[in-house]
Amino acid sequence: MGAAAAPGVAGRPLPAAAGAGTASAASAPAVARRVDGPIDVAPGLAFGSGGVEALDWPALRAAVENCRACALCNSRRHTVFGVGNERAHWMIVGEAPGEQEDLRGEPFVGPAGQLLEAMLQALGLTRESAPAERQVFIANTLKCRPPRNRNPAPEELAQCEPYLQRQLALVQPRVILAMGRFAVQSLLRSTLPIGKLRGQVHSYQGIPLVVTYHPAYLLRNPVDKARAWDDLCLAAEVMEQQQRQGASPP
């Protein structure tokens, strides 16, 4: 992916495309490993407190839409719940909503969203209506936009964390692609930079997790597109290995 386009799945480079975003949520410590042994898919996930773990999709959407647990509810236009196949094999976890996301109530729109769509298309994936193996589910770690796209506060992340955990539990993806510093550090409970965490397969409560850069970052730093394409190929390798092993949805 990038200025010097790297070879990828089926020999395709990641397309150049046209962004912004911020922020986060969380879970269990990561265990890094290479893709050279069996990959276990968790049969279930643990959750935070407060009853969110019992909500189905409609109730969870309503809970997010009506959430007033932190001060971000006072400045948001819309909550940004997430979009995609509710049993997707791939789950994309981004940071916090930006201005366009806040206006539309949808994650990854604008130039960063266009680049994400190009990245997904290069892997044969889409955010549009499609079977679970092709249509991803996309969610942010934070469901409301921080004013002026500032970094989220720890208490804001803590309040939003159960929502993301429940989304992951309902989707039960076969692979998680974490995009951006806040999403990565929160999901993996790590303060290491993305550059130290990418290039290996981590685990989020038993689900393989691959780290990569946020599309908004790549628009500002196109030199790292080739590295991001390597990350996408690693995630595709994880998925292909599960398919070879005959992994079934949890």
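In what order do the elements of the protein chain run from the N terminus on?

Author: From the N terminus on, the order is α-β-β-α-α-β-α-β-α-α-β-β-α-α. The model is a predicted one, with a mean pLDDT of 83 for the protein chain, and 78% of the residues reach 70 or more. Two stretches call for caution. The pLDDT is below 50 over residues 1-31, a stretch that has 127 contacts in the model beyond near neighbours in sequence. Over residues 36-49 the pLDDT is likewise below 50, and this stretch has 39 such contacts. Where pLDDT is low, predicted coordinates should not be read in detail.

We may now turn to the core. Of the 250 residues in the protein chain, 55% are buried. In soluble globular proteins, nonpolar side chains tend to be buried together. Here the largest nonpolar core has 63 residues, and the members that touch the most others are Trp90, Met91, Phe137, Leu187 and Leu209. Helix α8, residues 225-244, supplies the largest share of this core, with nine residues.

Leaving aside residues up to four places away in sequence, methionine 91 touches Phe137, Ala139, Leu164, Gln167, Leu168, Val171, Pro173, Val175, Ile176 and Leu177.

The whole structure contains three aromatic pairs. In one of them, the ring centres of tryptophan 57 and phenylalanine 137 lie 5.3 Å apart with the planes at 40 degrees, so this pair is classed as tilted. The two partners come from distant parts of the chain, 80 residues apart: tryptophan 57 belongs to helix α1 (residues 57-65) and phenylalanine 137 to strand β3 (residues 137-140). Both tryptophan 57 and phenylalanine 137 are buried. Ring pairs also bring in Phe81, giving a cluster of Trp57, Phe81 and Phe137.

Tyrosine 213 and tyrosine 217 form a stacked pair, with 4.9 Å from centre to centre and 20 degrees between the planes. Tyrosine 213 counts as buried because its relative accessibility is 10%, whereas tyrosine 217, at 26%, counts as partly exposed. A charge over a ring is found elsewhere: arginine 181 lies over the face of phenylalanine 182, 4.3 Å from the ring centre.

Helix α3 shows how buried residues are covered. This helix spans residues 110-122, and its 13 residues reach 19 Å from the first C-alpha to the last, close to the 18 Å expected at 1.5 Å a residue. The buried residues of α3 are Ala112, Gly113, Leu115, Leu116, Ala118, Met119, Leu120 and Ala122. The elements that cover them include β2 (90-94), β3, β4 (175-179), α7 (215-220) and α8. After α3 comes glycine 124, whose phi is positive, near 80 degrees.

Definitions and conventions
Residues numbered from 1 in each chain as written. Heavy atoms only, no water. Core = buried A, V, L, I, M, F, W, Y, C linked by side-chain atoms within 4.5 Å. Buried < 20%, exposed > 50% of the residue type's maximum accessible area, 1.4 Å probe, protein only. Helix = DSSP H or I, 4+ residues; strand = E, 2+ residues; numbered from the N terminus. Contact = heavy atoms within 4.5 Å. Phe/Tyr/Trp six-rings, centres within 6.5 Å; stacked < 30°, edge-to-face > 60°. Lys NZ or Arg CZ within 6 Å of the ring centre and 35° of its normal. Expected span 1.5 Å × (residues − 1). pLDDT = per-residue confidence, 0-100.
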